[in-house]
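Dear colleague,

Please find below the structure that I am handing over to you. My notes on it follow directly after.

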Amino acid sequence: MSTVRNRKATIVNDTPRLTTPFHSHATATEVIDGVDLVGRRVIVTGGASGIGVETARALAAAGAEVTVAVRNPATAEPLVREAAVAPGPGSVRAAAIDLADLSSVAAFVRGWQGPLDVLVANAGVMALPERRITAEGWELQLATNHLGHFALALGLHGQLRAAGSARVVVVSSGAHRSVAFDFDDPHFARRPYDRWAAYAQSKTADVLFAVGARRWLADGITANALNPGWISTNLQRHVDDATMRALGAMDDDGNIIEQPYYKTPLQGAATSVLLAASPLVEGVTGRYFEDNREARTVADGDAEQTGGVAPHALDPHAADRLWEYAAGTVGR
């Protein structure tokens, strides 16, 4: 038994960490090898680029009917055409959704017919240099990364339940370790805006969402969060060159420096695909994974540790409080 304490809660975990045969840089293709998804219906948000497109491609190759949910469906057309001529019964279609716009999320939900086996909450935005607010009054990173996905999952709860054994996969980030969720000022209305704090808070919310979704287990729905690792994708489009250099990710000439721990998008998609489709995680819920296995819990503020999940992101009381907050927010 392991006990982890933080400021407000004691988390007791009697279950050993879940491991798999796959190493940290295994690809999505490797982790789904031999898995049959024929007849399964999947939604991947942000599935037109980065790890999202590799997630959608791998699930379709295994036979799934994949809907790529993106703001501009035209960006997914290359993947749609690719899947149409690929061997096997899998397919890909594109549908419009803007996660920062509740009316767009509601329209997507209304347009979905029939059961849903897997929802991969993959879309995200990172490190916006200035505070941006949506029409609902939400800070844009929290809106896109968490609240929009929460509204989508909540709206599709009946369809997930109808599948009989459904999975929700939430793409978080190791950045969550630096910031707990601020219930007093989640949208930076009073405190100074910090783009990295806003991003980290939204990713803490993603993990708490998976923990809070334990209430859906009786409906046959599991939910888990993950850190895909370091991958060079369009997610970094708002990060300036000076910051990239400070992070050691860019040289003086503007070239990306590929560190040994970096992953390709196909490798970065592996943990998402593992949680979406592998029988190795059947029935598992409310956990946080990285490098194709469940992450260890590390102390809040422990900068010496690489990887792991912070106690503040696994706190069931914070998860319930966030669930109530998010439900009230998206239900307005």
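This is a predicted model: local features need pLDDT of at least 70, side-chain atom pairs count only at pLDDT 80 or more; totals for chains, interfaces and linings use all residues.

Residues are numbered from 1 along each chain as its sequence is written, and side-chain values use heavy atoms, with hydrogens and water left out.

Helices (H or I, at least four residues) and strands (E, at least two) are DSSP runs, numbered from the N terminus. Strand E7 (residues 166-171) is largely enclosed by the rest of the structure, because 6 of its 6 residues are buried (under 20% relative accessible area, 1.4 Å probe, protein chains only). Ala-166, Val-168 and Val-170 point one way from E7, and Arg-167, Val-169 and Val-171 the other way.

Strands count as paired if DSSP finds at least two bridges between them. E7 runs parallel to strand E6 (residues 118-121), joined by 4 bridges, with Val-120 opposite Val-169. E7 also pairs in the parallel sense with strand E8 (residues 221-227) over 6 bridges; there, Ala-223 is the bridge partner of Val-168.

Helix H5 (residues 140-155) packs against helix H12 (residues 316-330) at an angle of about 80 degrees, with the axes 10 Å apart (axes are lines fitted to C-alpha atoms over the stretch in contact, and angles run from 0 to 180 degrees between N-to-C directions). H5 is therefore roughly perpendicular to H12 (65 to 115 degrees). Contacts (heavy atoms within 4.5 Å) involve residues including Phe-150 in H5 and Trp-323 in H12.

Notes. Buried means under 20% relative accessible area, exposed over 50%, partly exposed in between (1.4 Å probe, protein chains only). Angles under 35 degrees count as roughly parallel, over 145 as roughly antiparallel, 65 to 115 as roughly perpendicular and the rest as oblique.
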